[in-house]
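Trainee: I have a structure to work through and would like to ask about it step by step. Could we begin once it is on the screen?

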Amino acid sequence: MIVEEIMKTDLITLTPKNTVLDALQLMKNKQIRHIPIVDEDKKLVGLITSNTLKNRLSLENIENRKLKNIIEDIMIKDLITAHPLDFVEEIALTFYEMKISCLPIVSGGKLVGLVTASDLLYTYIELTGANKPSSKIDIRVEDKPGILSDIMSIFKSHNANILSVLLFPDSKDEKYKIVTIRVQILNPLSIINDLKKENFNVLWPNLPGVTQ
């Protein structure tokens with residue numbers, strides 16, 4: 001998945017010559033926490049966030065004269081940006097490593113979108129299928145070729161619609177992995193029974209008398 005598929009494009013922006021008061025009122029009225037700052041050619045020149053205002057202006061004791069200051073004086077100018085064709089997982093890594101809450105998306109030198117941490121979180125929820133009625137099954141498997149195909153054949157025999165498949169390393173033994181499968185079935189008991197019959201170690205759901 002690329003950033004273009006999840007970025008916001010209906011953007012609310014200000015110019016460097018708008019005031020701090022403009023930014024505060026816009027954030028309150030639109031219930032947003034990030035405002036890209038662009039020039040007359042829509043070129044990204046800065047960024048204002050709610051944290052920027054809190055950290056630089058001490059909002060609890062802000063003076064009226066500071067509200068009239070132009071955004072150019074306090075905006076973030078050393079920006080990290082991304083391109084619409086960047087991969088979402090790479091963007092997520094940037095958020096984690098740089099400890100940022102939003103990322104302007106730029107193409108051809110102009111602002112074309114914005115991605116926030118909330119956007120990434122919701123994308124993860126959608127990708128895993130956690131927003132749909134479903135069941136999650138965790139299976140501990142030996143890390144060897146063909147093991148995932150063996151598991152999928154059991155789900156196929158039940159005509160089960162798989163929403164997502166995730167693999168994680170087993171923290172206790174590097175020779176094993178944890179396979180997390182989200183399936184669009186509310187009662188996966190029959191699938192779990194068949195997994196057990198094939199000697200798969202089902203970790204979750206931990207049903208008494210069914211799983212170890």
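Mentor: This is a predicted model. Start with Glu 72, whose relative accessibility is 26%. Buried means under 20% and exposed means over 50%, so at 26% Glu 72 counts as partly exposed.

Trainee: Which side chain does Glu 72 meet in a salt bridge?

Mentor: The N to O distance in this pair is 2.8 Å.

Trainee: Which residues of helix α1 are buried, and over what arc do they lie?

Mentor: Helix α1 covers residues 20-30, and its buried residues are Val 20, Ala 23, Leu 26 and Met 27. They are on the same side of α1, because the arc they cover around the axis is only 130°.

Trainee: Which exposed residues does the face turned away from the buried side of α1 carry?

Mentor: To count as exposed, a residue needs a relative accessible area over 50%. On the face of α1 turned away from its buried side, the exposed residues are Lys 28 and Asn 29.

Trainee: Is Thr 49 buried or exposed, and which residues does Thr 49 touch?

Mentor: Thr 49 lies in strand β2, residues 44-49. Its relative accessible area is 8%, so Thr 49 is buried. Not counting residues up to four places away in sequence, Thr 49 touches Met 27, Arg 33, His 34 and Ile 76.

Trainee: Which residue forms a salt bridge with Arg 140, and where does that partner lie?

Mentor: The closest N and O atoms of the pair are 2.4 Å apart, and the partner of Arg 140 is Asp 170. Arg 140 is in strand β5 (residues 135-142), so the pair ties together parts that are 30 residues apart in sequence, with Asp 170 in the loop between β6 (162-169) and β7 (176-183).

Trainee: How far apart are the C-alpha centres of domain 1 and domain 2?

Mentor: The protein is divided into domain 1 (3-124) and domain 2 (131-203). The distance between their C-alpha centres is 41 Å.

Definitions and conventions:
Residues numbered from 1 in each chain as written. Predicted model: local features only at pLDDT ≥ 70, side-chain atom pairs only at ≥ 80, totals over all residues. Heavy atoms only, no water. Domains from an automatic or database assignment. Buried < 20%, exposed > 50% of the residue type's maximum accessible area, 1.4 Å probe, protein only. Helix = DSSP H or I, 4+ residues; strand = E, 2+ residues; numbered from the N terminus. Arc of directions from axis to C-beta. Contact = heavy atoms within 4.5 Å. Salt bridge = Lys/Arg side-chain N within 4 Å of Asp/Glu carboxyl O.
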